[in-house]
Amino acid sequence: MLFRTDTVRRSVTMEGLGSLADLGVKLVAGYRSVVLGAGAVVAVWLARKIITTKKKQKLRREWDSVGQDVVLLHQFLRGKYCPNLSPFALKVETFLRLANIKYEVDSKSPYGPKGKCPWITINGEDVADSEFVLDNLTQRFNINLESHLSTQQVASLEAVRILADEHLFWCVITWRYWLDRCVIFLTTQDLGLFFNTFMPVFMVPGIKHRAKEQGIGIHSPEEIYQICKKDCATLAGVLGDNDFFGGEKPSRADCAVFGQLAQLMWNAPGTHYEALLTNVFPCLASYCLRMKDTEITRFNLTNTALL
Ligand SMILES: N[C@@H](CCC(=O)N[C@@H](CS)C(=O)NCC(=O)O)C(=O)O
């Protein structure tokens, strides 16, 4: 009995030791694979970090190579009929031309530090948001496109600029990307098969969501059109008999208004939105052509509307 009990006890102890050893082996193996897995994750993360840093350094060298006091304007690719699908990019480019500032265009990195297009690099400094860009350049190059205007006129033009940049803009993009599902817009660009196919897939829900958040998206398509029409009526009223919003010469506000109106004039062909300029408020269509002929020539477009 004693012998048997002893054997059983011993075999129980041996078994216990065996499974403990198994457990230990399993733990070590598990620990090893966790360490290996974590190591792999860190290695991939590091490799990505190094590649991105190297890429950024290469881009930075490219951006800096444009030279001292030359603006590098980061924006989307040229359109077929209008220099840019972004009204804010066209605003900045118009300003650069009006102010006679040397610049080059980069379309490889259109989204800047604030995640929006356009932005600029000048003398190694990045500036994002069209208004901050214009402020920066105005100060840096001592530009004054408003020397012929009174303080009151400049203030009124700022209100006009806000109407264009912050209100008319929403009508245009809500119609372009959500209501029209990018259809007409894509005919005005050379974006290639991928974007032609997938742009509506992400833009329609994306802009619908943003338009609802902003407020314009709660209205019906007809109401949105009427809001756009009222904006155009206001702009036509402010323009009156003048050649430009700045009077006899284009001012800083003209850059913004032109950027927005150009989207209706050249990026909505054959639509009731284009007709707002060409039929309903022809003074705005003439204004766009005048702006184009004044400073916005010689763009390298694939079509001829702005050549
Ligand atoms: N307030 C900005 C607006 C710029 C802006 O909204 N850009 C649009 C293109 S027209 C953009 O980058 N959208 C991309 C996004 O919002 O994700 C400016 O004046 O530059």
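**Working through the model**

Mentor: Start with Cys182. Cys182 counts as buried, because 21 C-beta neighbours lie inside 10 Å and the cut-off for buried is 20 or more. Keep in mind that this is a predicted model.

Trainee: Okay. Where is Cys182 placed?

Mentor: In the loop between helix 4 and helix 5, the latter covering 183-187.

Trainee: What is phi for Cys182?

Mentor: Near 70°. That is a positive value, and Cys182 is not a glycine. Most residues other than glycine have a negative phi.

Trainee: Which other residue has a positive phi?

Mentor: Asn142 is one, with phi near 55°. Asn142 sits in the loop between helix 3 and helix 4, and helix 4 runs over 151-179.

Trainee: Is Asn142 buried or exposed?

Mentor: Exposed, because Asn142 has 8 C-beta neighbours inside 10 Å and 12 or fewer counts as exposed.

Trainee: Switching topic. Which residues are around the ligand?

Mentor: Ser86, Pro87, Phe88, Lys116, Cys117, Asp129, Ser130 and Glu131. Helix 2 (87-98) and helix 3 (130-140) each give two or more residues to that shell.

Trainee: How do the residues of the shell divide by type?

Mentor: Into 3 nonpolar, 2 polar and 3 charged.

Trainee: Back to Cys117. What kind of peptide bond joins Cys117 and Pro118?

Mentor: A cis one, with omega about 10°. Most peptide bonds are trans. Cys117 is also one of the residues around the ligand.

Trainee: And where is Pro118?

Mentor: In the loop between strand 2 (103-106) and strand 3 (119-122).

Trainee: Next up, Lys80. Where does that one sit?

Mentor: Lys80 is in the loop between strand 1, residues 71-74, and helix 2. Lys80 is partly exposed, because 17 other C-beta atoms lie within 10 Å. That count falls between the limits of 12 or fewer for exposed and 20 or more for buried.

Trainee: How far apart are Lys80 and Asp190?

Mentor: In sequence, 110 residues. In space, 6.8 Å from C-alpha to C-alpha.

Trainee: Last one. What does UniProt list for residues 29-51?

Mentor: A "transmembrane region", and that comes from an unreviewed entry.

Trainee: What does the chain look like over residues 29-51?

Mentor: The model has 100% helix and 0% strand there. The end C-alpha atoms of residues 29-51 are 32 Å apart.

Note on methods: Residues are numbered from 1 along each chain as its sequence is written. This is a predicted model: local features need pLDDT of at least 70, side-chain atom pairs count only at pLDDT 80 or more; totals for chains, interfaces and linings use all residues. UniProt positions are given in the numbering used here, feature names are shortened, and annotations may be inferred rather than shown by experiment. Helices (H or I, at least four residues) and strands (E, at least two) are DSSP runs, numbered from the N terminus. A residue is near a molecule or strand if its C-beta atom, placed from the backbone, lies within 6 Å of it. Ala, Val, Leu, Ile, Met, Phe, Trp, Tyr, Cys and Pro count as nonpolar, Asp, Glu, Lys and Arg as charged, and the others, Gly among them, as polar.
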